[in-house]
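Ready for a short walk around a structure that may be new to you? Open your viewer, switch to a cartoon view, and follow the stops below.

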Amino acid sequence: MPTSELFSPNPANTRWNLRSDDGSKGLGKGAHAEQKVAINYGNAYAVQLIEQDAFPCSDCHKWFLKYTATGTKSVVFCVSEDGTADRSYHVGLGLPNGAGYPCLLFYHAGVCTYLNAPGAWPAAPAVPRT
Ligand SMILES: [Zn+2]
């Protein structure tokens with residue numbers, strides 16, 4: 001299970017503010033921390049950043065496609081490592097095989113875009129890259 005933290009832009013859209021603690025706290029085996037932080041902390045925010053030490057699993061990938069489908073929510077994942085061995089799933093969907101970390105996944109309007117924001121990505125602070 002990944003460690004997830006959710007951020008939203010500050011009012012001036014100049015930086016990301018932490019909105020959650022580790023979303024995996026208190027979750028049982030098989031729980032999906034990224035869905036949990038979005039449900040528990042993301043509802044008020046149209047643009048969200050989720051920092052995670054793993055890629056979204058196939059279940060979470062489909063969940064975030066639906067979550068962003070109406071265009072009222074946009075989520076970018078900043079993935080620091082392949083903690084749950086789900087990277088290959090995303091390579092199968094179009095993530096470039098040699099992409100380094102942090103690896104960015106943009107969920108917007110029901111589509112996942114890898115590494116770079118899609119043209120229609122809403123105004124938001126730059127995504128942290130270390
Ligand atoms: Zn998951």
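Start by selecting helix H1, which lies across strands S1, S3 and S4 and runs at about 40° to S1. Helices here are DSSP runs of H or I with at least four residues, strands are runs of E with at least two, and both are numbered from the N terminus. The angle is taken between N-to-C directions on a scale from 0 to 180 degrees, with axes fitted to C-alpha atoms, for helices over the stretch in contact.

A word on what you are viewing: this is a predicted model, in which local features need pLDDT of at least 70 and side-chain atom pairs count only at pLDDT 80 or more, while totals for chains, interfaces and linings use all residues. Residues are numbered from 1 along each chain as its sequence is written.

Stay with H1, residues 33-41, and show its side chains: 7 of its 9 residues are buried. Buried means that 20 or more other C-beta atoms lie within 10 Å of the residue's own; 12 or fewer makes it exposed, anything in between partly exposed, and C-beta atoms are placed from the backbone. The buried ones are Ala33, Glu34, Gln35, Lys36, Val37, Ala38 and Tyr41. What covers them? Select strand S1 (4-9), strand S3 (47-52), helix H2 (58-67) and strand S4 (74-79), which are among the covering elements.

Next, colour the strands. They form an open sheet of 6 strands in the order S2-S1-S3-S4-S5-S6, with mixed pairing. Two strands pair if DSSP finds at least two bridges between them. At the edges, pairing on one side only, are strand S2 (16-18) and strand S6 (111-114). From one strand to the next, the twist averages 25°.

Move to S5 (residues 103-108), which runs antiparallel to S6 and is joined to it by 4 bridges. Here histidine 108 stands opposite valine 111 in S6.

Now click on tyrosine 114, also in strand S6. Is this residue buried or partly exposed? It counts as partly exposed, because it has 15 C-beta neighbours inside 10 Å. Leaving aside neighbours within four places in sequence, tyrosine 114 is in contact (C-beta atoms within 7 Å) with Gly94, Leu95, Pro96 and Leu105. Draw a line between the C-alpha atoms of tyrosine 114 and leucine 95: they are 5.8 Å apart in space, yet 19 residues apart in sequence.

Finally, zoom out. The protein has 3 helices and 6 strands, arranged from the N terminus as β-β-α-β-α-β-α-β-β.

Technical notes. Two residues are in contact if their C-beta atoms, placed from the backbone, lie within 7 Å.
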